[in-house]
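Hi,

Here is the structure I promised to pass on.

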Amino acid sequence: MTDVAVQVAEPSADSSMARDSRKGLRWRLLGQPLTVICFAGIAVLIGVALFAPVLAPFDPNFADIAHRLKGPSSTHWLGTDVLGRDSLSRLLYGARTAVVTSFEAVGLAIIVGIPFGLLIGYFGGWWDRLAMRAMDILQSIPSLIFALAVIAVLGRGANQIAIAVAIVFAIILIRITRGLALRERELLYVDAARVSGLASSRILFREILPNIVGPLIVETAIMLGSAIMIVTMLSFLGLGLNADTPDWGSMLDDARQYQAMQPFMALPPGLAIMFAVLLFNFAGDSLRDALMGTQRSQALRRRKTTRSTRPLTHFGGNNGTTRTDAEVLNVKDLCVAFPYGKKGSMEILSGVEFSLRRGEVVGLVGESGSGKSMTGLATLGLVPTPGIIKRGEIRLGDQNLIAMSDAELNKVRGSEIAMIFQDSVAGLSPVHTIGQQLAEPLQVHQGLSKQDAAKRAVELLSLVGIPDAARRIHDYPHQFSGGMAQRAMIAMALSCGPKVLLADEPTTALDVTIQAQVLDLLGDLTLKFDMAVLLITHDMGVVAETCDRVLVMYAGEIVEEGSAIDVLTRPQHPYSRALLAATPRNEARVGHLPTVPGTVPPPWDWPTGCRFSPRCPHAREKCLAAPIPLKNGVRCIRADELEFAHDP
Amino acid sequence: MTHDPLLKVHNLAVSYRLDRGILVGRGRSVDAVKQVSFEIAAGQGFGLVGESGSGKTTVGRAILCLASAADGSIVFDGREITQFGHHVPLGYRRDVQVVFQDPRSSLNPRRTVFDILGQIVQRHFGSSKQQTAVQVSHLLDKVGLASYHAHRYPGELSGGQRQRVAIARALATKPRLLVCDEPVSALDVSTQSQILNLLTDLRRDLNLAYLFISHDLAVVRQVVDFVAVMRRGRIVEAGPSEALYTNPTDPYTKMLLSSVPDSDPRRREERRALRMSLRAATALP
């Protein structure tokens, strides 16, 4: 705990994490050896292009006819060509041609393609349609033939090749930029910028462009590689450059003509082309990985679970509470910790205890950061890595979930214990119909036949109040409204008749009318299925409308528990009281609404004593001395002195 | 009302295109808003309530010139705004500002709070660098943020703090009308009341008029003087807010009111029965 206290100076949890992720980009790039090699290689290539006159041992056009078509020697390290010109010197000057032409081509493509793509993507309308149709036509012509046609019109030369390649690339960039701009245009920050009266050019280049620049950088890196390939291809075909400009394509063409006499000639330009193209492609790939890395690794992390490897048996026998038959889930002394700092760890759940009985809805209520969602995830054994369940016991009937292997847990999850989340549409697969998604677990978990599963799916869907279920079963999730999608999620959770349902903010994203409908439904189903429901919410109003019992959570601890009527009408903990007072109610205007000042501090800032004390108007010195035990359902040592009457 | 209202919406209709032709042509369209009329006086709070899909957000977007009116008129301070087309005068942009629902997507994640606020101050008042810095810290102070927040990115702030930044951005132009589109729906209950209090204070201090759009009648009640209830693109009931809340006449309004959670569990069963009967009475064919 001491090393945690030292680092309290950090301004806030959010900020240090965000900074880490930005630092992360550079770190991720430098952390991959292949990436470092690629960027070093590109630097060498550009260096060679710049300093070719210094590095080259000979004038690339100096013809030493006496030593034509020679292999490697001490004077000509890579041999000579048909006119006796030094291959190494031509290779180095060739790098210059390749780099200059491809950079010129991609540069031109960027200058034209990105602004034009932004413009048509952002403004849309007939400009956009006209431009897109024109580009469809241009793109239907193979790009090499298109480049040949441009060269036929403009004539031969390095600049002409660059222009031809630039046109092909610009079209690709326009398409990509337009697509990205179309997506950004729908976001609220762009609307906000328009309402602020910002000039369109500013919105395009200062607001939208920074948000889409990542994928564009990746694309241009790969384009540089392709540009080198197209330029060499054109000059290999003899269509590109003048004969006295050294370049890799014409070197390769020479080698082809005289390969019978000097087979070595093809090797240097061939390898040079291959490595140059590979360098840019790998660089593009690693940039892509680094830019998208955060999202991907987080998505993975969420699915992985980590539990303490040591099974905790010493809690098994002697728990003091009397367990009734109706009790289906019993959580004891649940502690979850995350690594923090160099070696330390911080507890984000401390000694959470609760039990759920059949046919009852229990509310778990608290602000963001109070640990209520983590409690739900930990109960399912789904603590996101690198977190671990440090201690505790989770009993479902006779089984201890903590001692189970992942395979055993998987059997329990979905069949005996189920969970629904806030964002129900995200939880549904967009490419399968609602019916398929409902029927699949029935076939897997319960071994129903395809027909029976489909029939049961219709029953479940009508059970959750979706009208015309037999027809709607063939719909895809995007055809469902938010409320209907949440109902479908509930149907899915219920499909295997679970004993316990964990509902994490199931109505927060819904309108109040739909919220009321879904909560009413949840209440009905609790009785109908005789299951236990843990309803996780931040809204005391939702608790009051649905729950039989309440657990109030603050900073990783349960601070008050009791029947809904007791806690909501006579809250004993100052936090419960503040939360209740701050809930907007349908009552006449009161001038100023009561608030809970401040926010839940990050875990490393939690005080040793009462964790709510920094925000509590009733805190005294004695509150800070030592951790407060949960006594008579309240975690407050002044509960007896403080008499709160609350009249909702 | 003796004076002309600040904003007068008359018979507004807004339609969205469902599809479009290959190159030209209009395609089919659907009316999102029909025959909507209301007035907002200077410094007054006006609430627009309805479920998602009722067209309330579309009305707000039409007033912000983010959606174009198919019919009817919107007059702000004596000027017809439905004819602005693509070039909305800067003066109008200054007078009418917006706070959106989700501050996560309404703030550009790639720009610091200082950039977000500073560019608007510069755009509208042509301030020097020094003046801009003063103005930005003044704005942050007004919404209850400290000046060190200026150098943060939106991702480094909490939900409530982000919404404060969004409000500061709206105030940067010194507007007269603020369109608040579900400004607290994405926030924790405890943060909601902080933001509602802030909006109430700002209205009093700056004589702002509000168009407050929300699905939650309880939230609207705390900030407005007049309320209109929308359903399927039309206003079904409107009136002074206390009258409408205490004595609603339309069954749909009653149904909306009965859906607002109440924090007294003792009244649960009777409220539930009322809700069920109202739901049946207002169900659409």
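What is the mean pLDDT of chain A, and what share of its residues reach 70 or more? The mean is 84, and 90% of the residues of chain A get to 70 or more (pLDDT is the predictor's confidence in each residue, from 0 to 100). This is a predicted model, in which local features need pLDDT of at least 70 and side-chain atom pairs count only at pLDDT 80 or more, while totals for chains, interfaces and linings use all residues. Residues are numbered from 1 along each chain as its sequence is written, and chains are lettered from A and ligands numbered from 1 in the order in which they are written.

Two stretches of chain A need some care. Over residues 1-21 the pLDDT stays under 50, with 23 contacts beyond four places in sequence (a contact means C-beta atoms, placed from the backbone, within 7 Å). The pLDDT is also below 50 over residues 294-323 of chain A, a stretch with 31 contacts beyond near neighbours in sequence. Where pLDDT is low, the predicted coordinates should not be read in detail.

Now the contact between the chains: chain A brings 52 residues and chain B 59. On the chain A side, α9(A) gives the largest share, six residues (helices are DSSP runs of H or I, at least four residues, and strands runs of E, at least two, numbered from the N terminus).

There is also an open sheet of four strands in chain A, in the order β2-β1-β4-β5 with antiparallel pairing (two strands pair if DSSP finds at least two bridges between them). Its edge strands are β2 (345-357) and β5 (399-400) of chain A. β1(A), residues 327-339, pairs with β2(A) over nine bridges, and Val336(A) has Leu349(A) in β2(A) as its bridge partner.

Most residues other than glycine have a negative phi. Leu69(A), though not a glycine, has a positive phi of about 50°, and it sits in the loop between α4 (52-55) and α5 (87-123) of chain A. Glu505(A), also not a glycine, has a positive phi of about 45° and lies in the loop between β7 (500-504) and α20 of chain A. Leu69(A) counts as partly exposed because it has 16 C-beta neighbours inside 10 Å; the cut-offs are 20 or more other C-beta atoms within 10 Å for buried, 12 or fewer for exposed, and partly exposed in between. Glu505(A) has 19 such neighbours, so it counts as partly exposed too.

Cheers
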